[in-house]
Amino acid sequence: MKLAISEALGRMSAVEGPRRSGAVRLVARLWRKSSVAGLAVYALALGGALGLATADWATSGGYPFGGVQVGAWTAWPRASAANADPYTRAVNARRGEIPLAVGEGLLMTAAVDDMGRALDATCTYQIGGATPPARAWTLTVAGRGPREPGRPPVREGFTSTEVLRTPDGRFSVMLGPDVQPGNWLPSPRASGPVRLALRLYDTPAAASVGSLDRTSVPAITRLGCAS
């Protein structure tokens, strides 16, 4: 009797062994497939997140391509061109702006002074001298962001018709955190980077940006910084 039971158990083990090993192989195969699928999903999610992050970074500031350097200023003659690169068009769409066409004017921006140092809201700068020939121009602090609650409105820029000039027709604008006599632009924030925008309207310089030199654009001189 005992011998018969042992033989029966042995036959069952012999039958279940291949079944068990087959089940193990099936589970392993499914695990490998799920691992590959999970890795693919992870790679797609990571790529999508990195793509969105880099696109946000590339379009959150100024134009990334197509600039022409003139002293401390960068001219953007093709910001509104029909064949502008996709990043430039994305920046325009994100800002909700219609940039100046070549026949209308020229946009120039500056984020550094004449020494190549980044413009800082804690520092005081003198901006002035000459501008390229134009029917009119505006000089503004770009990227101020929303006004702080409770803070009174402040001047954000000057136009060529309202800026105070010297007898020889030249001008000087002071940019800084402290009130200055004459043409004063308040710093946009207590600390952090600053960017200036000079827009020239109806100017021949829009079609010949390469002919401009640093003496034909306003100089940006740092006078001092808060300690």
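Select Cys123 and Cys225 and look along the S-S bond. The torsion about that bond is about 95 degrees, so the disulfide is right-handed. Keep in mind that this is a predicted model. The two sulfur atoms sit 1.9 Å apart, which meets the 2.5 Å cut-off for a disulfide. By this rule the count is one disulfide.

Now colour by strand. Cys123 belongs to strand S4 (residues 123-129) and Cys225 to strand S10 (residues 219-225), so the pair ties together parts 102 residues apart in sequence.

Next, show the surface. Is Cys123 buried or exposed? Cys123 is buried, at a relative accessible area of 2%.

S4 and S10 pair in the antiparallel sense, over six bridges. Select Ile127 and look across to S10: Ile220 stands opposite.

Zoom out to the sheet. Which strands form it, and in what order? Four strands make an open sheet, ordered S8-S7-S4-S10, with mixed pairing. Go to the edges: strand S8 (183-186) stands at one and S10 at the other. Each has a single partner strand, so one side of each is left without a neighbour in the sheet.

Neighbouring strands are turned by 20 degrees against each other on average, direction ignored.

Notes. Residues numbered from 1 in each chain as written. Predicted model: local features only at pLDDT ≥ 70, side-chain atom pairs only at ≥ 80, totals over all residues. Heavy atoms only, no water. Helix = DSSP H or I, 4+ residues; strand = E, 2+ residues; numbered from the N terminus. Buried < 20%, exposed > 50% of the residue type's maximum accessible area, 1.4 Å probe, protein only. Pairing = 2+ DSSP bridges. Axes fitted to C-alpha atoms, helices over the stretch in contact; angles between N-to-C directions.
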